[in-house]
Amino acid sequence: MTQRPALTPLLMRLPPPPLARRALGLALTAFLRRIAARRPAILSRLGPHGRARFLLDVSDGPFLLLMEPEARRLAAHSRRAPEPAHDAAIRGGLAAFLAMLHGAEDGDALFFSGELQISGDTSAVLALRNALDDAELDLTEELAALSGRPLDRWLRRGSELVARKSGLVLSRQEVTP
């Protein structure tokens, strides 16, 4: 199993600023809607699982995320509150989620190694994973496109620096067989 970077434990103990969860949810929802508009094949690839509610538990993050693809909503929920109702859950560290999303690690390998765990409707999770794999998303590029010039260049450079310093995979990687 690969040693993955984790968010600093101190960050996890800090209380989020007031309204942070709500603001994060609104920002993530706007970002998800932009990605869905730019890449509609992601949602169509989900088929009937587009109605599923996916709990994304980034275990070293301060919030739980609830993704509702059909509604194009991604909401942040407090870890202190009961989990929101969901059909399927994916749990793991941020590094594993980013490695899978950006193609640096195979999703199946991350599941079989235990770095990511799934529960609930496994066929919905498989459909989501396949849709994301096919889309070949790059979160840095999506954010850069959102920010426009000249911020896009600075964002890419900043992302490269953070990736080098943290070990997180912040942009699309091609896996060599």
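The structure is a predicted model.

**Overall fold**

The protein chain has eight helices and five strands. Read from the N terminus, its elements follow the order α-α-α-β-β-β-β-α-α-β-α-α-α. The chain holds 177 residues, and 38% of them count as buried. Among contacts with a separation of 6 or more, 66% are between residues 24 or more positions apart. The accessible surface amounts to about 10,300 Å², and carbon and sulfur atoms account for 59% of this surface.

**The nonpolar core**

The largest nonpolar core has 33 residues. Those that touch the most other members are F54, L56, M67, I90, L116, L128 and L137. Helix α6 gives the most to this core, namely seven residues.

Apart from neighbours within four places in sequence, I90 is in contact with L55, L56, D57, F97, F111, L116, Q117, I118, V125 and L128. Two of these partners, L56 and L116, are also on the list of residues that touch the most other core members.

Rolling a probe the size of a water molecule over the atoms shows where empty space is left.

The largest pocket contains about 1,300 Å³ of space. Its lining is made of 41 residues, and L28, L65, L74, L98 and L139 lie nearest its centre. The elements that give two or more residues to this lining are α2 (20-38), α3 (41-46), β1 (54-58), β2 (63-68), α4 (94-101), α6, α7 and α8 (151-166). The element that gives the most is α2, with seven residues.

There is one cavity of 30 Å³ or more. The largest cavity has a volume of about 40 Å³. M100, L101, R129, L132 and D133 line this cavity. Helices α4 and α6 each supply at least two of the lining residues, and α6 has the largest share, with three.

**Helix α6 and its residues**

Which residues does R129, in the lining of the cavity, contact beyond its neighbours in sequence? R129 lies in helix α6, which spans residues 122-135. Leaving out residues within four places in sequence, its contacts are M100, G107, D108 and F111. M100 is also one of the residues that line the largest cavity. The side chain of R129 makes a polar contact of 2.7 Å with the side chain of N130. R129 counts as buried because its relative accessible area, 11%, is under 20%.

A135 is also in helix α6. In sequence, A135 and A41 are 94 residues apart, but their C-alpha atoms are 7.6 Å apart in space. A135 touches R39 and I42, when residues up to four places away are not counted.

H49 sits in the loop between α3 and β1. Beyond four places in sequence, H49 is in contact with F54, D121, S123, A124 and A127. Of these partners, F54 is among the core residues that touch the most other members.

| Residue | Relative accessible area | Class |
|---|---|---|
| R129 | 11% | buried |
| A135 | 14% | buried |
| H49 | 19% | buried |
| R72 | 34% | partly exposed |
| E136 | 44% | partly exposed |

**Helix α7 and its ends**

Helix α7 covers residues 139-147, and its buried residues are T140, E142 and A144. At the start of α7, a side-chain oxygen of D138 comes to within 3.0 Å of the backbone nitrogen of T140. After α7 comes G148, which has a positive phi near 75 degrees.

**Backbone exceptions**

Most residues other than glycine have a negative phi, and most peptide bonds are trans. Which residues other than glycine have a positive phi here? One is R72, with a phi of about 55 degrees, in the loop between β2 and β3 (73-78). Another is E136, with a phi near 50 degrees, in the loop between α6 and α7.

The peptide bond between R149 and P150 is cis, with an omega of about -5 degrees. P150 belongs to the loop between α7 and α8.

Key:
Residues numbered from 1 in each chain as written. Predicted model: local features only at pLDDT ≥ 70, side-chain atom pairs only at ≥ 80, totals over all residues. Heavy atoms only, no water. Helix = DSSP H or I, 4+ residues; strand = E, 2+ residues; numbered from the N terminus. Buried < 20%, exposed > 50% of the residue type's maximum accessible area, 1.4 Å probe, protein only. Polar contact = N/O pair within 3.5 Å; in protein donor to acceptor, adjacent residues only side chain to side chain. Contact = heavy atoms within 4.5 Å. Core = buried A, V, L, I, M, F, W, Y, C linked by side-chain atoms within 4.5 Å. Areas by Shrake-Rupley, 256 points an atom, 1.4 Å probe, with all protein chains shown as cover. 1 Å grid on protein atoms, 1.4 Å probe; cavity = no way out; pocket = protein on both sides within 12 Å on 5 of 7 lines; lining within 4 Å. Points joined across faces, edges and corners; volume = space filled by probe spheres on them.
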